[in-house]
Amino acid sequence: ALAYNDASRKIILRFKHSGDRTGLNLMVSWIVQAMPEMIAKADLILPVPLHYSRLIQRGFNQSVWLAAGLSRASKTKMLHHGVKRVRATPSQAGRSASGRRRNVQGAFAVSARAAERIQGKHILLVDDVFTTGATVNACARVLKRSGAASVEVATVLRVVRPADPTI
């Protein structure tokens, strides 16, 4: 919905690391405004999962909060445990794009309970920040292998690198 910058960084880090939901409804509305066609197309909304050890440590999954808000706003069913993180991974922060891809390789699977429910469905995968796409691509890959018709991604923020205008 928005570019990651100094102002948005403060909001998302408070949300992500402190569990401050003060701006949750606003963040959901930004996604709804930025991606109406994508949301309208979705049959199911799925959050990017945390590994259970990180969930216990943090006490919440901010992607679940965002997905639930989008589910309420769009009247689209949320599948809470559609994708599971089967391997704990270190934080992606500070890693290169290739390091991020390696870090999440094999970390996700579609839960046995969800496999039937995603067959032929248009999935909206929800995360807080899109940096290189490694995490959402890994999730999308397992969803497509399990029969999802399509997987699109909605995030609050996207890291945008400045372009080099040198010719």
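Biologist: Why is tryptophan 65 called buried?

Modeller: In this predicted model, tryptophan 65 has a relative accessible area of 16%, and because buried means under 20%, the residue is classed as buried.

Biologist: What makes phenylalanine 15 and tryptophan 65 a tilted pair?

Modeller: Their rings lie 5.8 Å centre to centre, and since ring centres within 6.5 Å count as a pair, the two qualify as an aromatic pair. The angle between the planes is 50°, and because planes under 30 degrees apart count as stacked, over 60 as edge-to-face and the rest as tilted, this pair is tilted.

Biologist: Why does that pair tie together parts that are 50 residues apart in sequence?

Modeller: Phenylalanine 15 belongs to helix H1 (residues 6-18), whereas tryptophan 65 belongs to helix H5 (residues 62-74), so the contact joins parts that are 50 residues apart in sequence.

Biologist: Why is the pair of phenylalanine 60 and tryptophan 65 called stacked?

Modeller: The planes of phenylalanine 60 and tryptophan 65 are 10° apart, with 4.7 Å centre to centre, and because planes under 30 degrees apart count as stacked, that is the name the pair receives. Phe15, Phe60 and Trp65 together form one aromatic cluster.

Biologist: How do you know whether phenylalanine 60 is buried or exposed?

Modeller: Phenylalanine 60 has 10% relative accessibility, and because the limit for buried is under 20%, phenylalanine 60 counts as buried.

Biologist: And why is lysine 84 called partly exposed?

Modeller: Lysine 84, in strand E3 (residues 83-85), has 40% relative accessibility; because buried means under 20% and exposed over 50%, lysine 84 counts as partly exposed.

Terms used:
Residues are numbered from 1 along each chain as its sequence is written. This is a predicted model: local features need pLDDT of at least 70, side-chain atom pairs count only at pLDDT 80 or more; totals for chains, interfaces and linings use all residues. Side-chain values use heavy atoms; hydrogens and water are left out. Helices (H or I, at least four residues) and strands (E, at least two) are DSSP runs, numbered from the N terminus. Buried means under 20% relative accessible area, exposed over 50%, partly exposed in between (1.4 Å probe, protein chains only). Rings of Phe, Tyr and Trp (its six-membered ring) pair if their centres lie within 6.5 Å; planes under 30 degrees apart count as stacked, over 60 as edge-to-face and the rest as tilted.
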